[in-house]
Amino acid sequence: MHILKVALLSLFLSFFLVGCQGDNSDSTASDSNSNSGAPVITSVGELPIVVLPTKTTELTVNSQAVNIEVRVFDKANNPYTTGSVKIIYPNDVQTGRDVGYFTSSSVEVNSAGIANFSYTGPTDLNADKRPISFAFYHEDNPAQSEVFTFNLNPDTNQVILTDYTLVGSPKSVVMGLEQTQALSYSVKDKDGNAIDDSAISSISVTLLNPALGLLLDSNGNSGTNLIFQNLNNVSLNLQTNKISGLLPVKVHAEFQDANGNTQILERIFNVTVLSGPPTAISLSYAGTSQDETNAKFIESWVLTVTDKYNNRVNTNPSVSMGMLAGYAQSSDATDNSAGYLYYNPATATNAASGTISASGGSSGGASFSSTNSPFSNVDDVNQYLVTFGNAYTYDASGKWTIHTNAANLLDLVDDFNGSSVSGLGFAVGNNFRQDKCDFGNEWVGNVYPTNGSNIVSATGSMLISVEYDYYLVGKDVMLWTNLIGQSNGKTVKIGEAKKITLRGEGLTGESYTYAKGFTGTVRLDVHIDKTVEYYRNANFSYHITVTGDGTTWNIAGTSMDAGITSCAHSGVGYVDVNITSSPENGGTITLSDVVPTNEF
């Protein structure tokens, strides 16, 4: 904080008021002219957390019924009462193992923040006694889940039909969307022989998750339940729809055994329906923490990948990611005062846009061209291109390695084999920011999967960590991801990039206590919360709180008046306030509610 004494006469000659002025004991104001961009909200909603009151139970009888209660809370530990809880099935469902089934794989939470799942265990516990584990997650936070485990301990006293078996073919079924698969089911004796058709009363085939598919037989019948009379080794087709997930198929057989006794067999056959190829990526902010040991802030972001039908991609594609923290200097006009090579055609006055093409580069390779000429200063050894766009431009978005070609043209080192896409926003830079006021000092951003794996989970999501030095608080950076997956034997590459303002864990403004009869200009600096660092070369919004009856005040200026690249006052953020207190009362002036705003 700094105090600049001024003469009383000079103060009144130049006195002006922005926001409010008063002689109340408590007054609060914000200087609307000092705000640069919209405030960056440091808390953008609360991601729900699922909790299991009980995490394990024992299955002792075949087809045992179990109720599982899942509780959902917000970060303040209040019940989270919207949305649905969903299930992640164990991987061995794809090998044909009977892991039991749920009446629904998605349950809405009630007014108490609870989702109740009804589960039926395997029809034959002795067939495989390994534990069975399911994970539960809330659809708004797929990166966090809780695991419930069933331990199998079959009761030796229960009656088990050991002489007959219900068999399905193929043993395991994995399908894509809008595909057809032939299925067959039969009852076999202990020697593996199918029993005669005449011994079969009926075989019923039912889809327990009917939104995912449809059954069809050779007689033209269709539905989610088909019944076959006096026929063993029934054959039918399963046709999937546009929704991915696990599709349990319940087969119920009634027949006469060799002694003429009526027997019943029932078994669940699980079909895995894979999503379509990845077509869309979203990035959602989830919170900020601090690594004090290494002097870093770490923001958590949730990456979600969907196909064209809005199914979360469950084909486990791999993702690369990073941060463009420092920008090249554009060789053409820009809308940002720093001259950064960043163009957003949707919001810019200098509305340059880019086009990505499979040709047009050196030797006929892929290229990126701009409607203006910003690329003369690009260093293609140390800098790269990031592109973004509206709607379905994901195949043209993300990060690209480049070679310089011309002032309006870059060669792409990466493959691009799609149709030309125009109207793209773009930026060029690297993963560090040069300190504006400390020559030779650079500040770095790093992005990585929180769990260490670049593979997207079966929920179609991944939690990523955005780690950065304190100086980068309040800076606008480009967060980018590229995804590579397989679809019908073909490689699919898509990407996403978005400009974000790094939040830190908040900002604090200084206070100054003044005496009665005080006249002067007080400078209130801005600090980064939980650090010893000043907030530098960045924008912010704020309020001024003044106590003291009879005090008059006005904003004299801020660090943002000279631009965020200015090194006046070492680049430290501040607000100057002219104060005149009454002869009878002193008071305190406080810079409060300080929040980072967009850099540009």
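Strand β15, covering residues 200–207, runs antiparallel to β18 and is joined to it by five bridges; helices (H or I, at least four residues) and strands (E, at least two) are DSSP runs numbered from the N terminus, and two strands pair if DSSP finds at least two bridges between them. Across this pairing, S202 faces Q229 of β18. The model is predicted, so local features need pLDDT of at least 70 and side-chain atom pairs count only at pLDDT 80 or more, whereas totals for chains, interfaces and linings use all residues. Residues are numbered from 1 along each chain as its sequence is written, and side-chain values use heavy atoms, with hydrogens and water left out.

Both strands belong to an open sheet of five strands, ordered β13-β21-β20-β15-β18, with mixed pairing. At its edges stand β13 (173–175) and β18 (225–229); each has a single partner strand, so one side of each lacks a neighbour in the sheet. From one strand to the next, the twist averages 20°, where axes are lines fitted to C-alpha atoms, for helices over the stretch in contact, and angles run from 0 to 180 degrees between N-to-C directions.

Elsewhere, the structure holds one disulfide, a term for a pair of cysteine sulfur atoms within 2.5 Å. The sulfur atoms of C437 and C567 are 2.2 Å apart in this link, which is left-handed, with -100° about the S-S bond. C437 lies in the loop between β34 (432–434) and β35 (442–449), and C567 in the loop between β43 (552–558) and β44 (574–580), so the pair ties together parts that are 130 residues apart in sequence. C437 is partly exposed at 26% relative accessible area, and C567 is likewise partly exposed at 37%; buried means under 20%, exposed over 50% and partly exposed in between (1.4 Å probe, protein chains only).
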